[in-house]
Amino acid sequence: MRTKCVLLYSVLSLNLRLITIDGPVAVGKSSVGLLLAEKLSFHFFDTGVIYRTFTWKALSVGLTPVNVDALIALAHNTRFEFVPAGGPRLAVMVNGEEVSDYISAPEVERNVALIAKIPQVRERMVSEQRRMATEMCLVMAGRDIGTIVLPDADLKVFLSASVAERAKRRYTELVERGADASFDSVLAELEQRDHNDITRAVSPLRPADDAVVIDTDGLSLEEVVDNILALVHERRSSC
Ligand code: C5P
């Protein structure tokens, strides 16, 4: 992976290696990050995956969010590896086990935010995310990547969109997948998750001071990625 990175530096004279994409739920961080990574031949990691993977592990050994001390001990005794998962995407292996198929399960969905807000669990996840970032050219997406995880990243992007627009996108996605959803319940869930993300004590969702905020209302996926690529090229030619 390093070789590819060094090659990019020299062939494209790309003077940037780490790009962060933060933003609220359902703003399109993963779709944008994946396409951007593909265009740059970078890797892509959605940090929600490590919190979901750890939550799956915890539940599988019988822990719940109230078992704080045991969860902290488990976080420290668990081995995480980041492995290619098709295209630029990276998956997380936990103690040598590939669990991607289980991390969207309803019980993970219900517990992940409660486990992710335990400060010592976060510390461990953040140090793993930083470790991976030393090893490759990377687009990393999440909520606290530009502010906490990689404050020295080369380019920080914060995606925003109105809650109505995000609910529309999420609702369309669910209907296309054949799920039985109502627009009003999708909207209410997003409003609740926004509130949790913005008001939580540890690593609340906010743009880093040096992030470029892109309002994606009315923009297509390609237009958002083109905007970010323009920033990449601006920085490339600035040195
Ligand atoms: O983005 P996704 O919905 O997969 O994230 C799952 C959960 O992981 C979020 O609801 C949040 O509680 C937690 N998370 C976090 N910090 C991140 C990414 C995700 O706390 N950088």
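How many residue pairs are in polar contact between domain 1 and domain 2? The count is four, with both residues at pLDDT 80 or more. A polar contact is a pair of N or O atoms within 3.5 Å; within protein, one must be able to donate a hydrogen and the other to accept it, and residues adjacent in sequence count only if both atoms are side-chain atoms.

This is a predicted model, in which local features need pLDDT of at least 70, side-chain atom pairs count only at pLDDT 80 or more, and totals for chains, interfaces and linings use all residues. Residues are numbered from 1 along each chain as its sequence is written, and side-chain values use heavy atoms, without hydrogens and water.

Start with the layout. Domain 1 covers 1-27 + 144-229, and domain 2 covers 43-135. These bounds come from an automatic or database domain assignment. Over C-alpha atoms, the two centres are 19 Å apart. Domain 1 brings 13 residues to the contact and domain 2 brings twelve (contact means heavy atoms within 4.5 Å).

One salt bridge is counted between the domains. A salt bridge puts a side-chain nitrogen of Lys or Arg within 4 Å of a carboxyl oxygen of Asp or Glu. Arg122 forms a salt bridge with Asp144, with 2.8 Å between the closest N and O atoms.

Now the rings. The whole structure holds four aromatic pairs (rings of Phe, Tyr and Trp, its six-membered ring, with centres within 6.5 Å; planes under 30 degrees apart count as stacked, over 60 as edge-to-face, the rest as tilted). Trp56 and Tyr102 have ring centres 5.6 Å apart and planes at 15 degrees, so this pair is stacked.
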